[in-house]
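Please open the model in your viewer and keep the selection panel at hand.

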Amino acid sequence: MRQAFNVLRGRRFAGLLVMLCLSAASLAAPLPETGANPHEGVASCATSVCHGKVSEDESAPVWLNEYRIWLRNDYHSRAYRTLQTEQSEAIARKLGLPSAAGAKICLDCHADNVATEARGRRFQISDGVGCEACHGGAGQWLESHAEAGTSHADNLAKGMYPTEQPLERARLCLSCHLGTKDKFATHQIMGAGHPRLAFELETFTVNQPAHYEVDADYRERKPAIASVNMWLAGLAVTGQQTLELLQEDWFTQQSLMPELSFYQCHACHHPMNDLRWSPEGTPPGTVRLNDASLLVLAEVLDVLGSGDAATLRSGIQQLHQASLNSRGAVVTQAKSLAARLDPIARQVSAGSYGADDMRRLRAGLLQRAAAGRFRHFTAAEQVFLAVETLAISIGDADQLESLLDAWFKSVEDENTFVPQQFAVRANQVLGGL
């Protein structure tokens, strides 16, 4: 995992976000899997006169070797092949499925699993998570997007997905890395052997092999999103989608055992002699809903001096209280809290953050981590990634590398996580600022 973070070391994010005027239409963009446009398949982008050149074309406004970057270096291109491994087949057998590579619950996130009638002539499910899984079905814009005079707005009007917008990118990525009303990695799937889903938008974005460059030409066509804004967008949308999922059948279906994937995994998955209860709104012996993204967002708002911090904290407290009563009470509170979170998400993702703001955010998160505020692994994981992202954006990550490396070791393995050690290491990083 740390090897992946090392990719971040050489990256610097210049410039601040220009305030975005996001239209209601763009905010309501349908996810690529549900859009009306046909998906023509990766082969439609792969020729040498399109995005399949051997190397970057310096004379073009885009690289034109994007297909080869995806094919050679991007794990999304290997997503379908993962379903053919022995580990995946073992999971399928435990779930009573004939095969992982033929099961909808697997293909929905390991491939561009659009409806049969939406698949073009060159579409192949075995291509995995290809171009159109992120950029939207190309049926209406495949030819026109390369024509002279075509603007990005023209492409969006024809169904291209707005990945350059932070909230929309977060919603897209989290549709698989968290779930939607139609697809979700349940506790049963994880019990059969699927790894726990972990995600942080900015870290995952940067660690993907880049297939574009934010240069002058890019800035003419699209907004250049600052790293801190992408991080905050991911944090807020993760909270939103968690609350939305709590209102869906995944959580509301009546059974003796609730859907445990909504709860803190490590509230149960730790040795019984390692008592971790803390007075955070639920009594000893109860299992706490996974509030990591909401908890960290509340701390961020507090550092920024936003009055929404107290409102969000109160809403989180009420959500946990509701979880002690009934599923219906959770649904009611999740709906109420999600409505309050929507304007917060728009505000933090579109804010302008200078170096002083980022230093204040970093110091504030470290102070809270050192004080033991993040006792659950999922929250600690998010805080570490946030501080690292901020250090890279500020430009002093190299100077803090040894301290960050030592702190990382406290969250490197979820099975050996010790909250007190996480707090001690956070205090050491704080002292090195």
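How are H20 and H21 oriented relative to each other, roughly parallel or roughly antiparallel? H20 and H21 are roughly antiparallel to each other, where angles over 145 degrees count as roughly antiparallel, those under 35 as roughly parallel, 65 to 115 as roughly perpendicular and the rest as oblique.

Before going further, note that this is a predicted model, in which local features need pLDDT of at least 70 and side-chain atom pairs count only at pLDDT 80 or more, while totals for chains, interfaces and linings use all residues. Residues are numbered from 1 along each chain as its sequence is written, and side-chain values use heavy atoms, with hydrogens and water left out.

**First stop: H20 and H21**

Select residues 377-394 for helix H20 and residues 401-408 for helix H21; helices here are DSSP runs of H or I with at least four residues, numbered from the N terminus. The axes of H20 and H21 come within 11 Å and cross at roughly 165 degrees, the axes being lines fitted to C-alpha atoms over the stretch in contact and the angles running from 0 to 180 degrees between N-to-C directions. The crossing of H20 and H21 is left-handed, that is, the near helix is turned anticlockwise from the far one by less than a right angle.

Show side chains next: Val383, Phe384, Val387 and Ala391 of H20 meet Leu404, Trp407 and Phe408 of H21, with contact meaning heavy atoms within 4.5 Å. By class, this contact of H20 with H21 has 7 nonpolar, no polar and no charged residues (nonpolar: Ala, Val, Leu, Ile, Met, Phe, Trp, Tyr, Cys and Pro; charged: Asp, Glu, Lys and Arg; polar: the others, Gly among them).

Stay on H21, where Leu404, Trp407 and Phe408 are buried, meaning under 20% relative accessible area, with exposed set at over 50% and partly exposed in between, for a 1.4 Å probe and protein chains only. These three residues cover an arc of only 100 degrees around the axis, which puts them on the same side of H21; the arc is that of the directions from the helix axis to the C-beta atoms.

**Second stop: H17 and H18**

Select residues 308-323 for helix H17 and residues 327-349 for helix H18, which pack at an angle of about 160 degrees with their axes 9 Å apart. H17 and H18 are therefore roughly antiparallel to each other, and their crossing is left-handed. Residues of H17 including Leu312, Gly315, Ile316 and Leu319 meet residues of H18 including Ala334, Leu337, Leu341 and Ile344. The contact of H17 with H18 has 10 nonpolar, 6 polar and 2 charged residues.

While H18 is displayed, pick out serine 336, which lies in this helix and is partly exposed, with a relative accessible area of 32%.

Select residues 227-245 for helix H13 and residues 292-303 for helix H16, which pack at an angle of about 135 degrees with their axes 8 Å apart. That angle makes H13 oblique to H16, and H13 passes H16 in a left-handed crossing. Trp231, Leu232, Leu235, Ala236, Thr238, Gly239 and Leu243 of H13 meet Ser293, Leu294, Val296, Leu297 and Val300 of H16. These contact residues divide into 9 nonpolar, 3 polar and no charged.

Select leucine 64, found in the loop between helix H2 (24-27) and helix H3 (66-73). Its phi is near 70 degrees, a positive value in a residue other than glycine, and leucine 64 counts as buried at 16% relative accessibility. Most residues other than glycine have a negative phi.

Asparagine 65 has its place in the loop between H2 and H3 and is buried, with a relative accessible area of 10%. Leaving out residues up to four places away in sequence, asparagine 65 touches His51, Lys53, Val54, Ser55 and Glu56.

Neighbours within four places in sequence aside, alanine 100 is in contact with Leu83, Ser88, Glu89, Ala92 and Cys106.

Finish at histidine 211, in the loop between helix H11 (201-207) and helix H12 (216-221), which counts as partly exposed at 31% relative accessibility. Not counting residues up to four places away in sequence, histidine 211 touches Trp63, Glu66, Ile69 and His135.

Conventions: Helix = DSSP H or I, 4+ residues; strand = E, 2+ residues; numbered from the N terminus.
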